[in-house]
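Biologist: Hi, could you walk me through this model? I have a few quick questions.

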Amino acid sequence: MSQHILCIVGKKKAGKTTFMEKLLPELKKLGLSVGAVKHDSHSFEMDKEGKDSWRLKRAGAETVVVSSPDRVAMIKSVDRERSLEELAETLFADKDLVLAEGYFNSDQPKIEVYRKDAHVHPLCDRHNQHARKLIAMVTDRGADADVPKFGLEDAAEVASHIARKYFGWVYNGMWDTHD
């Protein structure tokens, strides 16, 4: 299955995660299977000291998987940062859509979240919107870009915009998957 990748971008404290929290259930209501990637430009630690998985990693395991009846988590040492496309292909092959928080410099389409309380200017405007593949803005202020603009609470409308743009016709809140 080939999935679409869509980056949710914005400056620090713009509300990217908050908007994604609103957008994800709206996309699921439309019948999409959605995965999410959070980009961290620094190293991070998910394991907790003293937990068995932490102990195994510390003892030398390069990959540790924790598995239960309802979820799987993997902690893997890597020699380089994986591209968004590599992550989507290897970890999200069963998803229709991968929402990525961040990845402003990627070659994937983007929706920018821009709040006037957080920043004076957005990342994208009419001068760089095509190069950055901006498809929409989520904002509480006017923005100088020739793309659809949505309010910070318009997650359902943004989900519909994504559905029309990348997945075809939507009717009655459901996908037409019948032949």
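Biologist: Where is Lys-165 found?
Modeller: Lys-165 sits in helix H4; helices here are DSSP runs of H or I with at least four residues, strands are runs of E with at least two, and both are numbered from the N terminus. This is a predicted model, where local features need pLDDT of at least 70 and side-chain atom pairs count only at pLDDT 80 or more, while totals for chains, interfaces and linings use all residues. Residues are numbered from 1 along each chain as its sequence is written, and side-chain values use heavy atoms, leaving out hydrogens and water.

Biologist: How accessible is Lys-165?
Modeller: Lys-165 has 47% relative accessibility, so it counts as partly exposed. Buried means under 20% relative accessible area, exposed means over 50%, and partly exposed lies in between (1.4 Å probe, protein chains only).

Biologist: And what separates its C-alpha atom from that of Ile-135?
Modeller: A distance of 9.2 Å, with Lys-165 and Ile-135 being 30 residues apart along the chain.

Biologist: Let's switch to the sheet. What is the strand order?
Modeller: The open sheet has six strands in the order E2-E5-E1-E6-E7-E8, with parallel pairing. Two strands pair if DSSP finds at least two bridges between them.

Biologist: Which strands stand at the edges?
Modeller: Strand E2 (34–38) and strand E8 (149–150) do; each has a single partner strand, so one side of each lacks a neighbour in the sheet. E2 is joined to strand E5 (residues 97–101) by five bridges, and the two run parallel. Val-37, for instance, has Ala-100 in E5 as its bridge partner.

Biologist: Which strands does helix H3 touch?
Modeller: Helix H3 (residues 84–91) packs on the sheet against strand E1 (4–9), E2 and E5, and its direction makes about 130° with that of E1. Contact means heavy atoms within 4.5 Å, and the angles, from 0 to 180 degrees, are taken between N-to-C directions of axes fitted to C-alpha atoms, for helices over the stretch in contact.

Biologist: Which residues of H3 are buried?
Modeller: Leu-84, Leu-87 and Ala-88 are buried in H3. They cover an arc of only 100° around the axis, so they lie on the same side of H3; the arc is that of the directions from the helix axis to the C-beta atoms. On the other side of H3, Glu-89 and Thr-90 are exposed.

Biologist: New topic: how many disulfides are there?
Modeller: The count is zero, taking a disulfide as a pair of cysteine sulfur atoms within 2.5 Å. Cys-7 is buried, at 0% relative accessible area, and Cys-124 is buried at 1%.
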